[in-house]
There are 2 protein chains.
Amino acid sequence: MGLAGKVLTLFEGIVKGDRASLSRGITLVESTRLDHRKQARELVSACARLERPRSLRIGLTGTPGVGKSTFIEAFGMLLLSKGHGAVDPSSSRSGGSILGDKTRMQDLSVAQGAYVRPSPSRGSLGGVARSTMESIILAEASGYDICLVETVGVGQSETMVADMVDMFVLLLQPGSGDELQGVKRGIMELADLIVINKADGALEIPAKLTRTEIANALHLMVPRRKSWNPKCVRASAVTGYNLDRVWTLIQGYFDGLRLSGEWDSLRAGQQSKWMWREVHNLLMARINDDPDTRGFAETLKADVANGSVPPSVAAEQIVEMFLSSYSARQIKTNSES
Amino acid sequence: MGLAGKVLTLFEGIVKGDRASLSRGITLVESTRLDHRKQARELVSACARLERPRSLRIGLTGTPGVGKSTFIEAFGMLLLSKGHGAVDPSSSRSGGSILGDKTRMQDLSVAQGAYVRPSPSRGSLGGVARSTMESIILAEASGYDICLVETVGVGQSETMVADMVDMFVLLLQPGSGDELQGVKRGIMELADLIVINKADGALEIPAKLTRTEIANALHLMVPRRKSWNPKCVRASAVTGYNLDRVWTLIQGYFDGLRLSGEWDSLRAGQQSKWMWREVHNLLMARINDDPDTRGFAETLKADVANGSVPPSVAAEQIVEMFLSSYSARQIKTNSES
Ligand SMILES: Nc1nc2c(ncn2[C@@H]2O[C@H](COP(=O)(O)OP(=O)(O)OP(=O)(O)O)[C@@H](O)[C@H]2O)c(=O)[nH]1
Ligand SMILES: Nc1nc2c(ncn2[C@@H]2O[C@H](COP(=O)(O)OP(=O)(O)OP(=O)(O)O)[C@@H](O)[C@H]2O)c(=O)[nH]1
Ligand SMILES: [Mg+2]
Ligand SMILES: [Mg+2]
């Protein structure tokens, strides 16, 4: 399949590492317009076929105010100084989603080789997940070897991101166990590395206590990986304290994945899961786009809610309606042409 | 829609509270044969339309050997002595799935008004979930006012059952926190009531310590219900110690649900979730039943796993293939008739 026109230009720009092309490519994969989807599929497919070394896909989460943006900026600069290209491909710079983070992210986003995108706040979870996944593929084709995917740490987005990245980093603040309640409990279990951020000034001592508490809690958990036990470390995005240590731990984690062969199976499992999840999303979108089926589901709603129609029976009716309505349209199209 | 023949006979038997009819009804909803599904839909729909007081749907989980079967037997007898009809509709008595539990369950299953089914060990999770859901509807139509749904406590089945029941009871044994590792951590968060079973003989004192430990852990968790804080209680299925207390706590829980109005919204949310989950299951089954689409997905597998085909692109191709293959068959059927 040869690329042509706009898609070819984008592809060539991305492969050369041109920042503007990557940005336009990400905007393209974020669009849901049918013609854009077609172009996006071509672009992403071409990028996926390139032989590139695997990038380190790292999810970063934490409650609002914990210092994610500050941390990514400081950590990103550190990576750049070591010659790595770091990118947060999770949202489009175009559109309004960057706003508040603009000034703080400035340092990193102008530095050569880094590409930062704050986490998105718009669109459906499924849609965001798909476009993030595709953006990662584009960023990798563009030569970035580290993808930092930021999530807000309060919704369902973490488990989705956890299925998309190789490693999951949780940022916490110094403070007692009560503060942990802001973080959904399942997220502790996903974390391969917990960073107690803001370990500076008056918070240095509390950070030590928190680290001990968290390290104890981690001992009670079953590790997600055979090759790695989750670790907890203090750091400061402001003073830069221990950022080097964080990087060393991250490298240790990936060494384990590589040597144990877990990285291969992890990626293979994720990709297949993503494919089927996306099949689900696409079919649900089709159902939702079909006025007959949507209307029918709407009329069932109250009876299903009050229990007078069994959910399983309603479901079979919806599926029948959807498929027959789809093929009726095909038959109509066929007989008209 | 009028019922006829076999389905009508089953329906009438179930409504009369005839045990054999209920058993045959459950066997019917567990079948995946197309003609059986059609009959099952009719039967379940008729049962759902009956005006019945809501039954207490209670999930019961715990690691193997913790005493689930013993507990259900003793607790079921207690409920019977209080005039309640208790049922575990989660599996068919027909087939081989009862086996080991047969003797232990004897007491309860012969007692008038009780109907016990151990948790199933065969079939897909989605299929088991659907048939359990439908079995609950049949059991309720048959007059049972308490449904105990047992799960094994180690897989994904708990979260499914949690979406199906009103209350979730976790059985633990006396012992240190280490033992908790056998229970998936997310399950603690689902539990509305934790019973430290085997609080008898030499285990009485350890049971006290475990209860305190667990009660402390529960304090750190965000309650699932506005009207109820999860509780932890010791009991013994063998001596009968505290079984009365367990029943009082369960009643308190349901009083809270009733008074706060949470029960209505809980059920409504569950039913709608079930409907869409079932839509998903049915569509996936259709994809799997279509040889063209299944074959196509098979050929994509390796490339998706190694990353050379993006999952999102593969998914769009699978959906296209499935829908066009479906309507091609319809068109063929149409033109032949
Ligand atoms: N003392 C100290 N303050 C920090 C550190 N990191 C971040 N902060 C401060 O914490 C506040 C929030 O930091 P952000 O980076 O905006 O936090 P965030 O997690 O991105 O917040 P949201 O974008 O709202 O989710 C700012 O005032 C930062 O200056 C740190 O390491 N030490
Ligand atoms: N001392 C004591 N033993 C108990 C109690 N409840 C169950 N047991 C014993 O624990 C063992 C396991 O009990 P079961 O009821 O079969 O446990 P289960 O959870 O159903 O186990 P699985 O069906 O394998 O998942 C049996 O030997 C029971 O007699 C109790 O309250 N006290
Ligand atoms: Mg931020
Ligand atoms: Mg048992």
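Two strands are taken to pair if DSSP finds at least two bridges between them. Helices (H or I, at least four residues) and strands (E, at least two) are DSSP runs, numbered from the N terminus. The structure is a predicted model, in which local features need pLDDT of at least 70 and side-chain atom pairs count only at pLDDT 80 or more, while totals for chains, interfaces and linings use all residues. Residues are numbered from 1 along each chain as its sequence is written, chains are lettered from A in the order in which they are written, and side-chain values use heavy atoms, with hydrogens and water left out.

In chain B, strand S1 (residues 56–61) is joined by five bridges to strand S3 (residues 146–150), and the two run parallel. Within this pairing, B:Leu60 stands opposite B:Glu150 of S3(B). S1(B) is also joined to strand S4 (residues 167–172) of chain B, in this case by four bridges and again in parallel. The bridge partner of B:Thr61 in S4(B) is B:Leu170. Because six of the six residues of S1(B) are buried, the strand is largely enclosed by the rest of the structure; buried means under 20% relative accessible area, exposed over 50%, and partly exposed in between (1.4 Å probe, protein chains only). B:Leu56, B:Ile58 and B:Leu60 point one way from S1(B), whereas B:Arg57, B:Gly59 and B:Thr61 point the other way, and all are buried.

Chain A contains 13 helices and six strands. Of its 337 residues, 53% count as buried. Contact means heavy atoms within 4.5 Å. Among contacts in chain A between residues at least 6 apart in sequence, 79% join residues at least 24 apart. Strand S1 (residues 56–61) of chain A pairs with S3(A) in the parallel sense over six bridges, and A:Arg57 stands opposite A:Cys147 in S3(A). Strand S3 (residues 146–151) of chain A is mostly covered, with six of its six residues buried. From S3(A), A:Ile146, A:Leu148 and A:Glu150 point one way and A:Cys147, A:Val149 and A:Thr151 the other way.

Two packed helices are described by the angle between their axes and the distance between the axes. Axes are lines fitted to C-alpha atoms, for helices over the stretch in contact, and angles run from 0 to 180 degrees between N-to-C directions. In chain A, the axes of helix H2 (residues 19–30) and helix H3 (residues 34–49) come within 8 Å and cross at roughly 125°. H2(A) and H3(A) are therefore oblique to each other; angles under 35 degrees count as roughly parallel, over 145 as roughly antiparallel, 65 to 115 as roughly perpendicular and the rest as oblique. In H2(A), A:Gly25, A:Leu28 and A:Val29 meet A:His36, A:Arg37, A:Gln39, A:Ala40, A:Leu43 and A:Val44 in H3(A).

A helix contact also links the two chains. The axes of helix H13 (residues 311–336) of chain A and helix H3 (residues 34–49) of chain B come within 9 Å and cross at roughly 130°, so H13(A) and H3(B) are oblique to each other. A:Ser312, A:Val313 and A:Glu316 in H13(A) meet B:Arg37, B:Arg41 and B:Ser45 in H3(B). A:Val313 lies 51 Å from A:Thr70, C-alpha to C-alpha, the two being 243 residues apart in sequence. A:Thr70 lies in helix H4 (residues 68–81) of chain A and is partly exposed, with a relative accessible area of 25%.
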